[in-house]
Structures are given as C-alpha cells and as structure tokens.
Amino acid sequence: MCLFYFLLIILAPAVGGIFWGVAGALIGFVAGIALSIVISMIHSFLQYEYSNSLRLWFRTRFNRGMAVAEIARRLDMRVDELRAFQPRYQEVFIPKRSGGKRRLMVPDDATKVVQRRILKRLLRKLKTHPCAYGFVRGRSIVDHANQHIRQAVVIRLDIVDFFPNTKASRVERYFNRIGWNREAAALLARLTTHEDGLPQGAPTSPCLSNLVNYYMDVQIQNRVKQKGGTYSRYADDITISFPLDYTRNIQRILSRVRRITKKKGYTLHKGKKKSIRRHHQRQCVTGLVVNDLPRLPRETRRWLRAVRHRLKQGKPATLTPAQVQGWEALEKMIAEGRKRAPERTYRAEEIRTVINRRQRHDKNRNKPLT
C-alpha cells in the first residue's frame, strides 16, 4: 500500500507537468498528496471491523481515547510502575487426552495479579458474540451441543494452535478500537500477549480470544445463516449444522470458513479433526452425542455403570469415589441442560422430502430421450 501511495505522489506531478508545465506539476503534486490521504482514510475505514461508528473510527485514526493513566487508575497501580512492569512466564507441558503434550505458558504470581485485574476490571463486562460458548459465564458444553441437536448434517472443524495464532497485533488493534489510545492499547497488548500471541495459561487469554474474534464469528454466522444452517464456536472448536443434507452447500461453507479463518491468521486442522457426520452416523459436539437430545456416548455410560458397580461391591476401579462424583455432576449438568434444548421438529419428514426429491431427480435423469 505504501508503494501505491509513493507512485501516486510521483506520477501525479509528472502527468500535470506534461500537460500544464511547472504549475501543473505543482498542482499535480498537491493533488497526489491529497488523494493519497483520502485513499488511506478510506482504506483504514474499510478495515475497521468492530463497529460502524464514525466516532470510534476517528478516535483510532487520530489517536484519541483513554490513556495509560486511566489503566493505572483502574488497576490500582502507578503509571511508572505499570510502564516498567515486565510479564514473566514459565513453560509447562501437560498430557493431552488424545495423546501427546500440550504446551502452556504459565505466568508468575505478579503477572497473574495484573492479568486478573485486567480481566475483572477491563474485559469481563465487554460483549462477546452470542455464538461463542467457550469461557463465557452461564454457558456450558451442553448449551453448545443444544444448538445442533436433531440435524441432518453436523460439521466439526478445529483451529490449529488457537491461542498462539491469535496475534498480538489483533489484540492491540482491538484495544485501540474499543476506546484506548495507541500507547494504552500497546501497553495492554504487551501485558496480555507473549511471543506474538495469546499465552495458553494466562487468565486473560480465554476472554480475549472471544472478544478479538467477535467479527470472525459475525462473518461465519452470516454465511451459515444464508444457507439455513446453525453456527457456534467453543474456543477452537467450530461447529456448523444443517437441517437438510445438501452437499453443494456444505462444500461452499467449508471453503468460505477456511478463507475467513485464514484471513484472521488461523489454519484449520485436516484429517481426523475435521468431521462431517450425517443423521445415520453418531454426531458428537464437545463430547456429547446430539443425534437427539445431548447425552454422553454409549460406551462412556456403560463404563460409568461398570465403575459404580465395582465401587459398590468394594472392588478396585479405574476411578476414585471423588472422580465418580465429578462424573455424576457432569451427568446432572447434562440432564438440566437438556431442559433448555430448543424446540426443534424431528427431521424425519424433512429427510424424507429430500430423499424423494433426489429419487425424482435420478429418475428423470435416467429417463431415455424420445
């Protein structure tokens, strides 16, 4: 873009000089600078994603907004102390359920105190998208699964390294656009990011991942809604479902979601972590089966019954009594969440309609020409 502005400023006086001499060259030079400024402002305005408010756009463009002193006041810190503060992290590896290890960047005690204040006093009351269910108070995996019950097709996508790939530049831009000036936004981004991304293990990272990706959720939801589907996201798990199985719609949505996430700096997993399940297959969302109302998978329920039976007989089991209580709490949460499931007519009639339509299409296609 800078090269474009440079060429515009050089070519404008050259063209003016050819037609109107020295005066034309001077006029062309001034016109080139003015045109560059206008194009730059229009480009910046079109890049503004989070609000159509001209007031916020001008605040961003001309470095208006709340300053570092306001951050210090809200965090109960001195301005010089806040500017000099350096976050520190410790690298920790924990095992994954699926195998391998997960890398965490755990902040030290002083950094945790500052980040928890930022979370509680600056971030917690900010608006997240209704389709984001992870790390949101009052929402659970059951509420997420409820959005996709009794659907003909359920698509599950997974983002690679979700937190580290949420770049610091996007975090800084978000702080700038919600009302902080450039210095304050840069300071908040420095306090909440590490190695050019959100550190997985910091108290502020889950909330920021939802806030920064608000417009990504808007874009994907609009595209899915146009095709008659349902979209939701639980952290790095994207789930899309459709009441009717149209292969063309599915392929178009997958391609569009891939482009939207790539524009935000993300990459989608391929292979096993990409799942497309039809109504005759087991459809799982955040570990719950959603072919009908949400429930635990059959093998998990059988395993829990066997564990309870062994514990009741006083025999050793794979779970301790405390762990069994945790599973019972999960089962209770699922039972309560099923009551909040949206009323959705069972899809048998819709599926039958699609099958009959396809049969008529195949019959007409195979009919000999007369």
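Two strands count as paired if DSSP finds at least two bridges between them. In this predicted model, strand β1 (residues 89-95) and strand β2 (residues 101-107) are joined by seven bridges. The two strands run antiparallel. F93 stands opposite R103 in β2.

β1 and β2 make a hairpin, with five residues between them. G99 lies in the turn and has a positive phi of about 105°. In a regular strand, side chains alternate between the two faces of the sheet.

## Helix α3

Helix α3 spans residues 68-75. Its buried residues are V68, E70, I71, A72 and L75. An α-helix has 3.6 residues a turn, so residues three or four places apart point the same way.

Just after α3 comes D76, with a positive phi of about 60°.

## Nonpolar cores

The largest nonpolar core holds 49 residues. L82, L123 and I240 have the most contacts inside this core. Helix α8 (residues 182-192) supplies the largest share of the core, six residues. A second core is separate and has 14 residues, including V154, L288, V290 and L304.

## Around I240

I240 is among the residues with the most contacts inside the largest core. Which residues is I240 in contact with, leaving aside its neighbours within four places in sequence? They are H148, V153, V154, I155, V224, T230, Y231, I253 and V257. One of these contacts, V154, belongs to the second core.

Technical notes:
Residues numbered from 1 in each chain as written. Predicted model: local features only at pLDDT ≥ 70, side-chain atom pairs only at ≥ 80, totals over all residues. Heavy atoms only, no water. Core = buried A, V, L, I, M, F, W, Y, C linked by side-chain atoms within 4.5 Å. Buried < 20%, exposed > 50% of the residue type's maximum accessible area, 1.4 Å probe, protein only. Helix = DSSP H or I, 4+ residues; strand = E, 2+ residues; numbered from the N terminus. Contact = heavy atoms within 4.5 Å.
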